[in-house]
Structures are given as structure tokens and as C-alpha cells.
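Colleague: I would like to learn how to read this structure. Could you take me through it step by step?

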Amino acid sequence: MPTETDALWYKDAIIYQVHVRAFCDSNGDGIGDFRGLEQKLGYLQDLGINTLWLMPFFPSPLRDDGYDIADYFSVHPNYGTLEDFKSFLDAAHQRKIRVIIEMVMNHTSDQHPWFQESRKSTDNPRRDWYVWSDTDARYRGVRIIFVDTENSNWAWDPISKTHYWHRFFSHQPDLNFDNPVVRQEMWNIMKFWLEMGVDGFRLDAVPYLVEREGTSCENLPETHGVIKELRAKLDQYFPGKMLLAEANQWPADLRPYFGNGDEFHMAFHFPLMPRMFMGLKLEDRKPITEILQQTPNIPDVCQWCLFLRNHDELTLEMVTDMERDYMYDEYARDKSMRLNLGIRRRLAPLLDNDRRRIELMNGLLMSLPGTPIIYYGDEIGMGDNVYLGDRNGVRTPMQWDGGWDAGFSSADPESLYAALILNPIYGYQVVNVQSQRRTPHSLLSWMRRIIQVRKSSAVFGRGSIEFLYPENHRILAYIRRLGGETVLAVSNLSNSAQAVELDLRRYKGNILIEMFGRNLFPRIGDLPYLLTLGPYQFYWFRLRRL
Amino acid sequence: MRLAEESILSDQLLRQLISVGEVDVLIGLPTHNNAETVGQVVQVIRAGLLKYFPRERTAILNADGGSHDGTQDLVQAASISDARNSHTLQALRTMHCFSSRYPGEPSTGTALRTIMAAADLLRARACAVISPESNVAPEWMEVLVRPAYQQDFDFIAPVYCRHKFEGLLVTNLLYPMTRALYGCPIREPYAADFGFSGRLAAHFLTEDSWQQDVSGRGAELSLTLAAIAGGFRLQQTFLGPKGTAERQPADLVLAMRQTVGTLFASLGRYFSNWSAITEDQAVVTIGADNQVATHPMRVNRKRLLQMFRNGVGELEPILSSILSHGTLEELKHFASVQEEEFQYADELWVKTVYEFAASYQHAVISRNHIIQALVPLFRGRAYSFLLRNRETSGVEVEQQIENLCQAFERLKPYLLELWKK
Amino acid sequence: MREMIIGELSQTTQDIVRGFAHLLPRLLVMLIIVGVGLLIAYLLKAILRSILRLVKFDRLSENAGTAQLLTQAALPSSTELLGRLVFWVSWLAFILVGINALGIVSLQDDIITFFLFLPRLFVAVLILFFGMLASSFFSRAALLAAVNANLPSARLLSYLLRTIIVVLAISMAFEELGVAERTILAAFSIVFGALMFGLAIAFGLGGQHLAREALERRFSRERFIQEKKKEDELSPL
């Protein structure tokens, strides 16, 4: 167990999101596994991250990359055994790395034994575990999430000859959370893993737990009731563990998921992410500052989770139509990149493999208020493959070196679970961990450095934020404060050199110390503080009064 | 005069320009005590820019001549910046809207120069100037800016829906003379609302004409003429009815000094251009054909005739040094006939104007006085026009204006002859 | 007796001849000086003309507006004018020096007085010149303004203004010359005063309406605009 017993450890976390399948294959079957992942813990520790978020590794027909679970108490044989998992977990804890796993509560696979039983007949004890209906007329008007593949939230089950409710794929029937047995079972599952030692859960698709007629069936009070119940039990039996909400909603609708500090500890800030990309393309800080202005205050014990990319498409659900069109036109001109109101690309290809922009975005990720998440492979600038279906293009094998299977596996390259990236720009011969480790100025080395700098001050994870609004709209500037510590972050969102005058009169007398090189900058006086920044450059300054 | 040019951008304005950096579209708004209307105008401009140029970098610059009624504050308040907690998620970008006081006396010339200088520094691709008292609509942004932004035009002049008796100075002198001499049928050469390209702005700034036009009057006409003479691509676009509360000089003398004076002065400057032109160039006109309104309008015709007669009588010694003997005799004759028989025919009017233009060039007396001497004669012409068109339709009026244009063209050699004397 | 007369005559004749003999060389010198002066004056005029042409003085004076003034006053161009002035002034100077060389004492004083008088004459001429120009300019301006404002008896106004300025200019010129200063001053004051008094009565009583309108125009813009609007709705632009 990590030695820090700080109950708010997640505020200082640097999370690394990884898919077991994609990271490292130890047994040569072409699929990553826990033993392989355990082998790479040294790399992760060296990178500087302190929390791992594992994507679903449960037994599953894998029709939704593991989010369709068929057994909550085991490990998919592709990835190893439960013992392998335990071994990995212990090894991670020894390296002071916490582990968060997925908890897909909203639905199961239709291959799950529960559903197999539930569909058998209306008298079955598990009948009420899912949401059945004779007609598909109930909950009319509720939006469809996977618009590219589904055209209804009801699916016809030929076995029980009734409809069942599914907010996602039709092979993922929704569980019925009005049933207390279901809720108890969910707790049992969580208890199982908590007892094993996991440090927290990412709860998938939480807004959709409960349905009610005449509503959007999202964010209902009853859903919050379920969460509160789980949280209460968690606090009682497993204090110091963390719940992270996946709720793709506007900030005002996300706020209830924190409750009064009695629901989730953390939640993803979905609306901010596309606006960071938008601000970069527009060369205007407006999208970023506006969304953060509209972000409500959350309880002190709670935390936002920030990310640039993840395993899903870059979602454009929480933007206006005009903004979506703009993002499509600027970032996904090729329609094959678009999916489900989003863009399915990795970070580096989205930013045209521009090292400066990649650094800038990571700089924002690490300095805006919240806990940052790094998606595996983005620390070396991995590319994607839009020709793999669904969102698999961003889930290709991790590129460790330029040799056999990119060091991912010893199997035949053709037998890998997904093809390696091969093109001359992003191919594994060019983009891989080994070559970047040997290069002191590689992206990987830079990521290690920025994580180090971030961890050097608690102000990033726990401090307040106050935006400055210099007249030059291409400059994003804000002050982070925690107790006596003050940090000024200034970023140039444009492709050209900029000059900016900042109103720092309140901090008059402070000396600026740039945090990467630790060099001194002039003291703040009465006049506006003039800074010049190169294209896409950013500064972090610690303010010191001596 | 170099010094005056350097100081047209105040430090504060320059700082604001640095912050804005670069824009695709700049809208200029010259003001002086327009608090009544400027707030609404800025909102409409903003709406137009958001609608037609949502992804472009845009800015609104208010060049103010020193208003005491809070005009500048109203303009600043309209800025869509993220500094105000504005929940306007409709706008993708920050739209800068800033106001600056230009040095010196309030004058449209200086305001326009400030706007041009800002356009040049901001590397704006397309710009427009909107009068704070016009009947502006969001669509104006599209029709005035798009041609310069995407279609390579340099100057977009407006065409308004006018009453047949409105703007007589334009229809009876400025338009036909500009068309005849410069070969360019720009209907409203003295326009308060127009569009132009960044290219043209850069050209204007190098023109000497700014330095010569010390008071900055008649700047709008200067711009139009410079665009025509410089061989730039022009377009006309229909904007609808002209603003009724236009800050027109109530004084005809001032109006004529600003317009006719500028026009006459330009003849000297651009002699090599207009003397060589022999035919009209076609100018693209977009939008509804200018409809002429014909609702009844109250006019004091008698007063016009009386002032004409008075003018011809009292100013005879002055007129005799300006006009030819024949023209003056004809004028004296018409000054003495009955009201109903009075007519200031096209040919006579054209000759009058041309003789005045030539005298202006030779400066037979003070040029200012030459323009003032023309005023009562114009009144006579206006009277004649009003009399003739009491009952006519819009189409007939247009035909008469066309005939007048042709008369100006026909007598162009006469002007050239007078010029060379 | 005959010898006395002849003696006196021959004495007188000798005196005269001596006088002439005394004068002739001086006369010759004077003529030489005048002749040389003429040549030098021409030379100076030519040099000045070349210099002025080189610095394009004509263009400068055109820009300054003096060229128009001269044309209106039916005078030759500035270069020519200056050239002629230089010519005449320098030749006159030489003539006077020549006369001075004659040695006629009384004349010498007069010559000095004349030389001292020259600048004042020059200034008086200038005052008259500009006075005429101003009177013509302002009277014309007044005429035009009055006609365009539809004031009655515009010509009278213009003529009055011209007279005033001319009278003023003449008075100033005479004062400068020092000719009958006090008389001129008194006469001018009387005429001018009477004129002003008459105008005050005329405008004060007869022009009340006009004065009121002018004041309204200044202090009550809206009302004025309303009233103007009542006249007609035409806008020229």
C-alpha cells in the first residue's frame, strides 16, 4: 500500500490510463496481459505517474472492447488470471503506484449469466435485474448515444419476446437499479476488488443508471441516490478509496455528482477538453476561459479530472452545433475520422505531430485545476489508425522499441490483437520508448520533466484558480494559489510570437522564478508586466517575495 | 505634416492594436456625440459579424472625435470578450470592440485615416466603415465586406433607396460629373457606409491627398475618387433606405464645400486620369435596383427660386469673373422670367458647372469663394428639377438623371478646352 | 567804367566757369556712378532671378498663396516683381549716391532724409496693397455669405465692408507716412464711429429678428433645427 495515507491523495495524482491488452504481451499470444504490464511498472514509475487506471479486463465477449462484462469477479483469460492481477497490484503498490479499475455498472454483456437467466422467463428471479418492456414506447424521446450504430434504446429479445432497455450497444442491456438486489450486488463486486487492494473505481456511464418516464433518463435524483448509497458504504468500510465518475455532461449537470462531498470524489471535465483544442485552433482563449467560468464550485474534498485524449472519440457532445462544425472542419476534415459526434484520433495526429503544440496542451493539462490523465502512448506521441473500426484506431499496441512487434510481443506481427502503426511519421520504428529514452530532448524526456515540475508543487492539484484577462486574447494566463504559494501560468495559444502585458499589481514586489529552468525574471512593479512568448510557448512562474 | 501622420495613432490605441494582433475583418465606426444611436449600431454590426463571419477574426474600431455624451463607453460595453462573464456561447472567438479618440478637431477625414491606419497595421483583409446614424442591418456586413474578403474587390460603394427629391446635389452634380469625367458610374460617391480592401487602405495611406486636405473635409468623396483614379476594382451594392437622421450638414454651403470643392480639387490632381477617359467602365452592382421613392415631400420651392434670383443679381461681378459671357447672360435671362417658365436646362447647368470647375482650377478668385458662388446657382437648378418632377414617377426621374449624365459626357471636351486656357 | 564792367563780367564768367569746372568732374562721376549703378542693378536683378528660379520661388509663392493675390491684383509674378524691386531699389541707391557725389550740401541732407523716408514709404505702400486686397477679399466673402444666407441688401453689406477696410488702410498708410497724422486720425475716428453707430442702430432696431435667430442658433440647436425643418425636408446629400 502506498505510504501516504492522505485521504485526498487523488488531488495530487498523475493518472496514466492504460489498456492491459495494448501495453505488453508476456506470453507471446499477441495480446497484452497483466504479467507484461507488471514488467513495465518500472517504466511507469520512471515516467513519474503515481496512479494507473486500467480499462476493463473482465471476462467479456469483447464486442465493446471489454465494456460489455460477462463476469465481474474474474479476469479475462487473454490478460491472465486473478493471481496475475494480484501480483501486478502488489508490485504496483510497492512502487507507490495506486491502481483504479473500471466498474461498468450501468449495463452488462448480453452474455452475462445474469442476463441469460433474466431473459429465460418473466418468473425468473433475475428477471427484474434488467429493464424489460412489452412495448418500445416507454421512455420516448430519450437520446441515442451511439448514433452511428444504434437507432433505438430498446432491443427486441427473441427469447423472452419482450424488449429490453440499452443506452449503449444492443448487446449491452441496462441493469435495473430500482432493484435493491442489483444495488447490493454492485456493492459486492466493488467489495471484492477493494478487499484485493484496488484503490478506486472509475464508474462508467453513471448518468444513465435509472430511468423514469417523461424524463431524459439522465442525471435523475434516483441515480444520485444509488451513488450516495455506494459512497456511504465505501467510506464506512474502505476509507481512502476513490470513486471517479464518467458523466459526459455540461458542468452544471456534473455538479450534482459530487453531492455535498458524499457522492463521487472525482469527475471528468468533459466540456473543457474539446474547448482546449478549439482555443488552440482559434488562437483565442475564449472557449477555455468561458467554460471554466461556467464551471461551478465543487466541494473541497472533490476534484475534476482533466484529460486531452482517452480511449473514446474526442467527444463533441457538449459543444454547440457551430462549435462542432468548426471542430470537424479543423480537426477531422476526413469524414472517416468522425464517429458518434466525436473525432477518433490520438493527441499527436490531432496536433499535426507538432511538438510545440503537444507540449503546450500538456502544459495546460498539468496546470489547469484538476487531476491530469495521460493516455498510454501519448507520452511518446503515438499515432493512430483510423481504418480500424469503431474506436480501435487509438488502441493499438504500445510501441516500446523499433524491433520485433515494437517490443510489445514476441508473436507473429500478423497475430497481434491489432496491427501496429507502420507509417514513416508515427510508425513504431520512429516513435518508440527506447529511442526516446536515449534522446535527452525527446517528448518522453520532456513529459518526465513536466511531471516532475508538476509534482514539485501541490498548488497545481489543490490550489485555486484565477484568470487574468490581458487584452491580447491569444494569451491564456491564470494564477494558481494554495496557502502562501502562488504560481502564474502564461500560455501563448497562437502560432506566432506574442507580447502581453499582465496586470499583476496585486502581486507587486514578487520575483518571478520560471519553474523549469529556475531562472529569475524581473520583479513585479507598478507597471503592467510585459512578457513575450514564442509560438505555442508557455511559462510557469513561481512568485516569491523575498 | 509628417508629424501629424505620426500622431494619428495614440499610445492607447496602439496598445490595443498590439493586443488584437491580426484580423480578417475590421469594421470602422467614426463617431462624434452619437450616444443615441451608437449602442444599437454596434449591436447590429456585432450580430452581422457573428452571423456572416463566425470563424473569422473580427474587430470593431470606433474612431471618436471627442464625444461628451458617453459614446465611447457605450461602444466599449459592446465588446464580446471573455473578461466579462458573458454566457454567449454563440461566439467562437473573442471579438474586439475598442474605442479611441483621434487627435485634433472632430473630422471624418481624420477618423477615416485612423481606421485605415488601424486596418493596415492589423493586416485586415477586408474592412467597412459604417456611419453611426445609418439604418444599418446585419446583412450589410455580408454585402459590404464579402466582396473585398473573398471576391477581390477593392471598394464597395452603397446604393440607397432614395426619394426622388433627396440628395439633389448627388443626382444633379456629383454623380453625373464623376461618371462623365472618370468614366465610373458610382451612384453615391459621397457615402457614409462603404467597404474596402486592406490593399486599398494601404494605398490611401500613401496618398498625398490627406496632407493637402487639411481640414479633413470631404474625405469620403476623396476616397471614392482615389479608388477610381487608382484603377481599383469597384462594386456597388444595394443597402436599402438611407438613414433618416443622417448627420448631414444642415448648411448647403458646407455640404457643397465638402463635396463639390473636393471634386473640383481632385480634377487638378487626377487630370492625367480623367482627361484620357473616353467611355464608361462597367461597375458591378449587386442587389435590388435602386428603387426611387415618390411619396409626397414638403419642399419650399419658392425660396429656392428667390435665392437663385437674388444670387444672380447680387453676385454678378463675381460671376462675371468665373462664367463665360454667354452663360452669364442666359442665367440673367432666366432669373428674370416667370416662375412657371423657369427652367435650368441640362446643357446650361453642365456648362455652368464646367466653367466653375475650370475657374476653380485657375483660381481666378479664392477657391472657397468660387464654391460659395455656385450655391445660389445650384438652388436654381434644384428648383428647376423639383418643378419638372412634381408629378413624375421614379422611372422618369431616373431617365432624366441619365440624360443629365449624358449631357455631362457630351460637354466634356468643353471642359478640357476651358482647362487648357 | 567799361573796364569795371568787363572786369566784373570776366570775373563772374570765370567764377561760373570755375564753378562748372568744379562741377563737371563731379557730374561726370555722378554719371559714371549712375551708369555703373544701372549695370549693377541689372546684374543683381538677373542674379536674383536665377537664384529664385533655382529654388523655384514661383512654386513656393503659389503654395503660399501670394501668386493668386498678385494675379488678382494684376501684378506680374513674384519672381519678376522681386527682381524689378531689387533693380529699382539698387539703381535708386546708386543714383542717390551719385547725387551725393555732386557735393551739393543742401541736397545731401535732403538725400539723407529721402533715404530715411524710403522704408516708411515702402511700408505704407505695403499697407495700401494688402488693404486693397483684404477689402476685395472680405467684401466678396461678405457678399457671398449674405447671399447664401438669404440676407437682404447683401451688396450694401459688402460695399460697406469694403469701404471700411479701404478707409482703414488709407488711414494707416497716411499715418505711416506721417502726413497730416492728427487730421487723418480725427477724420477716421469720426467716420468710423459714425458708421458703427449707424450700423448699431440699424441692426439693433431693424435687425432684432436676425439677432434673435442668431442667438437661437447658438443656444437652442434643437429649436432651430425644428424651425429649419418646418421650412422643407430636402437634404442635399
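This is a predicted model: local features need pLDDT of at least 70, side-chain atom pairs count only at pLDDT 80 or more; totals for chains, interfaces and linings use all residues.

Colleague: How many bridges join strand E18 of chain A to E19(A)?

Modeller: First the general idea: strands of a sheet pair through backbone hydrogen bonds, either parallel or antiparallel. Here, E18 (residues 511-514) and E19(A) run antiparallel and are joined by three bridges. To find the pairing by eye, look for A:Ile513, which stands opposite A:Leu520 in E19(A).

Colleague: And which residue stands opposite A:Ile511 in E21(A)?

Modeller: That is A:Arg544. E18(A) and E21(A) also run antiparallel, with four bridges between them.

Colleague: In what order do the strands of the open sheet in chain A come?

Modeller: The order is E14-E15-E16-E21-E18-E19, six strands with antiparallel pairing. Strand E14 (464-468) and strand E19 (520-523) of chain A are the edge strands, each pairing on one side only. On average, neighbouring strands of this sheet are turned by 25 degrees against each other, direction ignored.

Colleague: What about E16 of chain A, and how many bridges does it share with strand E21 of chain A?

Modeller: Six bridges, again in the antiparallel sense, between E16 (residues 485-492) and E21 (residues 538-544) of chain A. A pair to look for is A:Ser491 with its bridge partner A:Phe538 in E21(A).

Colleague: Which helix packs on the sheet?

Modeller: Helix H13 of chain A, residues 355-367, does so, touching strand E15 (475-482), E16 and E21 of chain A. The direction of H13 makes about 155 degrees with that of E16(A). When you look at such a sheet, remember that in a regular strand the side chains alternate between the two faces of the sheet.

Colleague: What share of the residues in chain A is buried?

Modeller: Buried residues make up 52% of the 546. Contacts tell you about the fold too: of those in chain A with a separation of 6 or more, 67% are between residues 24 or more positions apart.

Colleague: How does chain C read, and how many helices and strands are there in it?

Modeller: Chain C has nine helices and zero strands. In chain C, buried residues make up 12% of the 237 residues. Among its contacts between residues at least 6 apart in sequence, 60% join residues at least 24 apart.

Colleague: Now chain B. Where does the domain assignment place its domains?

Modeller: Domain 1 of chain B spans 2-293 and domain 2 spans 301-420. Their centres, taken over C-alpha atoms, are separated by 31 Å. To read where they meet, count residues on each side: 24 residues of domain 1 are in contact with 24 residues of domain 2.

Colleague: Which elements give two or more residues to the domain 1 side?

Modeller: They are helix H7 (168-182) and helix H11 (252-269) of chain B. H7(B) gives the largest share, 10 residues. By class, this side of domain 1 of chain B has 15 nonpolar, six polar and three charged residues.

Colleague: Lastly, between which chains are the most contacts?

Modeller: Between chains B and C, among the two pairs of chains that touch. Chain B also meets chain A, with 15 residues of chain B in contact with 18 residues of chain A. The chain B side there has five nonpolar, seven polar and three charged residues. No contact joins chain A and chain C, and their closest C-alpha atoms lie 40 Å apart.

Key:
Residues are numbered from 1 along each chain as its sequence is written. Chains are lettered from A and ligands numbered from 1 in the order in which they are written. Domain bounds come from an automatic or database domain assignment. Two residues are in contact if their C-beta atoms, placed from the backbone, lie within 7 Å. Ala, Val, Leu, Ile, Met, Phe, Trp, Tyr, Cys and Pro count as nonpolar, Asp, Glu, Lys and Arg as charged, and the others, Gly among them, as polar. A residue is buried if 20 or more other C-beta atoms lie within 10 Å of its own, exposed if 12 or fewer, and partly exposed in between; C-beta atoms are placed from the backbone. Two strands pair if DSSP finds at least two bridges between them. Axes are lines fitted to C-alpha atoms, for helices over the stretch in contact, and angles run from 0 to 180 degrees between N-to-C directions.
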